[in-house]
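Here is a short tour of one structure, written for someone who likes to know what sits where. Have the model open as you read.

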Amino acid sequence: MIHSPYIRKPASVQRVMFAVLLALLPGVAAYVWQVAEVVVVNLLLATVTALAAEALMLALRKRPVAPALSDLSAVVTAWLVVLCFPPILPWWVTVLGVLIAIVAVKHLYGGLGQNPFNPAMVAYCAMIVAFPSLMSQWPPAGQLDFQTQLDLVLGGAREIDAITGATALDAMRTGLRASGASVDAVLLQPGAFGAFGGRGWEWLPLGYAAGGLYLFARRIITWHMPVAFLAALALISGVFWLANPAQFAPPWFHLASGGAMLAAFFIVTDPVSGATTPRGKLIFAAGIALIAYLIRVFGAFPEGIAFAVLLMNICVPLIDMKTQPPVFGHREGRLP
Amino acid sequence: MLTALLVMTAIAIVLGAALGYASIRFKVEGDPLVEKIDAILPQTQCGQCGYPGCKPYAQAISNGEADINQCPPGGEEGIRKLADLLGREFKPLSEEHGHEKPKSVAVIDEQICIGCTLCVQACPVDAIVGAAKQMHTVVAPLCTGCELCVAPCPVDCIAMAAVGESVETWKWKYPVFELRSAA
Amino acid sequence: MTVRLFNFRGGVKPDSHKNESSATPIARAALPPRLVIPLRQGIRSTARCLVEVGQSVLKGECIGEGEGPLGTAVHASTSGTVVEVAPYPMAHASGLDTLCVVIEPDGADEWIAHEALDRRTLPREAVLKYLSDHGIVGMGGATFPTHIKLGNGRGIDTLVINGAECEPWITCDDRLMRERAADILSGAAILRELIGADRTLVGIEDNKPEAIEAMGRAAAVLSEPIEIVAVPTLYPAGGEKQLIRVLTGIEIAHGKLGSEFGVQCFNVGTAHAVCRAIHHGEPLISRVVTLTGNVDRPGNHEVLIGTPVESLLALAAPRPDTDRYLMGGPMMGVALPDLGVPIAKGSNCVIAASPALFPPPPPELPCIRCGACARVCPADLQPFELYWFSRAKNVGKAQEYHLFDCIECGCCSFVCPSHIPLVDYFRFSKSEIWARERELKAADHARERFEFRNFRQEREKEEKAAKLAAKAAETRAKLSGTPGAGDTAPRPADEDPKKALIAAALARAKQQKAAVAPKNTDALDADARAEIAAIDARREKAKLEGSDAAS
């Protein structure tokens, strides 16, 4: 029997997911324009894999397939996986990453809404630990033609080293550590850097930020996580940079490089695995930013956001429990 | 080698003394586990578990003599609560101790009652009012449904009537339903 | 003087659909063929039936006397004959029946003798009793007895009158305020005086400009400290706690009463009923009901209490594709199990629902923890946490997360993108917790009675033993006190009181024998001795004959 309320707002999971996909489009457009057109092929491949994997898992779990597939949550996961990975990976790495995200992280934990870890980030961590050399092959922006890209993706790794170059973060690390140069000297090196980030790659953060603002306008995400993440990252990198500008890169470099913007608006804000209370969201996002910075600067990987996200995912139940907001009538004092 | 032995012995003595002191200083009177088990049991005092009342059964569970699945009035929910409390596996209600029945109260048929007071003496919670050669009646709000009065009655005038839902006791149903395909 | 407004977090803005039914004035509904008047006005307030089948009653005659602390009187809504006192369904999700008095109107609609009350000469308690005897309860939906809510006349400084009417589709309070503002404010003045408040604030949502204006004009001519305040339209601004928060900033938690904070709230309908009772002597026998939804003639009607819903529907002309009827609003109402359900004192609206207007909800998807529900909850709860706990039947944890602060307004279910019926889970958990508390109380009670019974049996045993011991001691004392009563000297005190009793009985028997045995046989003359010998011989003969006969 159906009970009150008898009216509902026209909202659905599908609408939310579709809005996220729309919001990713500016970033994808920048990707295609500036870096590598083959990302579209990867996105297509990942989408198909994700939907097939989800359909298989739902059938195995004896759940209705059509309603779950149509809510587009698998597609969002697939796109995020592709956007975190290098675009010229062999196709089977992308497929494997998507399978890990959908099958292991999502369905083996109970399906939609039940995963304690961010699926895209687990896929990234698994791949970078399993195939470190493949996962660090990022093409220099706009220098490979589409045919080469396609060959690389479909054919496999072949003389990749001659084609790929270092990402901005990678170049910064190697520059600072290996050759002992100062930040300014590293930034002057040709090829890797543009105006404030990796050359060509720096357009992506702008695209992602635009998408993030759209999500905020649609009330799908709140301001807490992106603002906390970016502010914390800027703060800690600012502190280190001010202390020693020669050894530590400036804040705008960190904000514009790697997956910082993508993470701020799309990855950290994953509702299922993230914190849910307002104060909890601030703590969660700030924690990710701090850990990511430390891994970037002092750790073994050039990009630390994925590991940081997973570490904070573990803390989410405790954060939620401790930051429950006060309830109507139970606040101190009657008037605000 | 010798120092190691001496150190270990010293530690053992110190810890042993501490434990001994703690066992005397912090000794708890009574057995709180029995109280906790008794708090979960439904207090029907029916004896279906094989023990003369809920407290003896609680005692038996705490001693390990009895299993947790012997109480029909507590039902499946009671067994789960006991399993949670004691950290044991849930077991379904033991068949030999009875079946879970809906809550019912005893009703005396006043036409047949002969006023023998056998049921009055049998009731563990004194829910039956009556005296020798006077009409007996069950005070329904006090009756726990233990059925101990049904057997002693020589004229078989006591029946158990299920308690229906009323406005005060109606409950909203759990909103998850299992759907099965028609095939 | 303008009142500073506060806001509460959350709330939603569904389409209001008020214009359909608010355009026409309140019409008087015709007498239905039968009136089914429930004797129960709320979960805990019942009334004892005062009439019998076949009895004639007049309009306004008392037919039910309030039982228990929360009981209020119930009256006949028209004159006629009582044809039945039987259970009929009530407007509750359970579909359970409740005892109702069924009256067949005689068409005359004859009032019982009634007159206004002169309050000036009476003590406050008498006025409260008068309100209770006239069946005045809260008309906002909860039907809580007004005389109890008026408290003890101390400690309240602000009276809030609730004219917000935040639920979509309902317009009965709107029309009441537009047409009967003077009566409402007069009733509010009485309430203010009875409750001892310093000022009255009337909260009306700003989507009712005509009502605000009408009430403002009526307030201007009164020399009462009344202020008509327009509050922003946001569901559920009409919830008692939310309205108090908006008008005064005070937040009242679950379990606490407004009277603890110096504020109390009544519905405009209640104020109107109070005015009719005090100034005209009329008990509460009718109320304004909105008939709207999938109907050709939506509008408001003054309906007699006890009118079955099916008699009302003809007035509104529901369209053929109506699939069910809701009593109340779409956010918190109840789908009627049966159209014979009568209008009770708290029924404010009947909505005809069709699949087009109220589409069935899509199937429930898993919760994605998006937090949309937490953003709209007016009680600042985390509905998805309560959902996860309720789904796992972990009602203890749900209670820790303030489950009972939930006012079941439906905002969370309204916005959920996974279409989860969140309020159903909370209602389930609440009734589960209440059932467990009842069982626990019953179990504790049973344990107490069992322990007392054991104690009583022990006590009886001890008393018996003590009695025996006392008696034994007594008899021993008696035996030792009278010499020569028995041949044998009293034996030394035996531990067993029974043996002592037996010994005492033997001694008594010997005493009796000695008492009947002839004494003074020493100094007898010859004749007496001969007589005794003859008697003895006869006795012997009789004994032998007796034994012959026996053998």
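At 2% relative accessibility, C:Cys275 is buried, where buried means under 20% relative accessible area, exposed over 50% and partly exposed in between (1.4 Å probe, protein chains only). This is a predicted model, in which local features need pLDDT of at least 70, side-chain atom pairs count only at pLDDT 80 or more, and totals for chains, interfaces and linings use all residues. Residues are numbered from 1 along each chain as its sequence is written, chains are lettered from A and ligands numbered from 1 in the order in which they are written, and side-chain values use heavy atoms, leaving out hydrogens and water.

How many disulfides are there over all chains? The count is zero, taking a disulfide as a pair of cysteine sulfur atoms within 2.5 Å. C:Cys275 is in no disulfide, with the nearest cysteine sulfur belonging to C:Cys172. B:Cys149 is buried too, at 8%, and its sulfur is too far from that of B:Cys146 for a bond. The table sets out the distances.

| Cysteine | Nearest cysteine sulfur | Distance |
|---|---|---|
| B:Cys149 | B:Cys146 | 6.3 Å |
| C:Cys275 | C:Cys172 | 18 Å |

C:Cys275 is one of the buried residues of helix 8 of chain C. Helices (H or I, at least four residues) and strands (E, at least two) are DSSP runs, numbered from the N terminus. Helix 8 covers residues 268-280 and reaches 17 Å from its first C-alpha to its last, close to the 18 Å expected at 1.5 Å a residue; the expected span is 1.5 Å times one less than the number of residues.

Because 10 of its 13 residues are buried, helix 8 of chain C is largely enclosed by the rest of the structure. Its cover includes helix 4 (172-179), helix 5 (181-195) and strand 12 (263-267) of chain C. At the N-terminal end, C:Asn267 caps helix 8 of chain C, with a side-chain oxygen 2.6 Å from the backbone nitrogen of C:Gly269. After the helix comes C:Gly281, whose phi is positive, near 70°.

C:Gln242, C:His254 and C:Met331 supply 56% of the area that domain 1 of chain C buries against domain 2 of chain C.

Definitions and conventions. Contact = heavy atoms within 4.5 Å. Polar contact = N/O pair within 3.5 Å; in protein donor to acceptor, adjacent residues only side chain to side chain. Buried area = accessible area lost by both parts, 1.4 Å probe.
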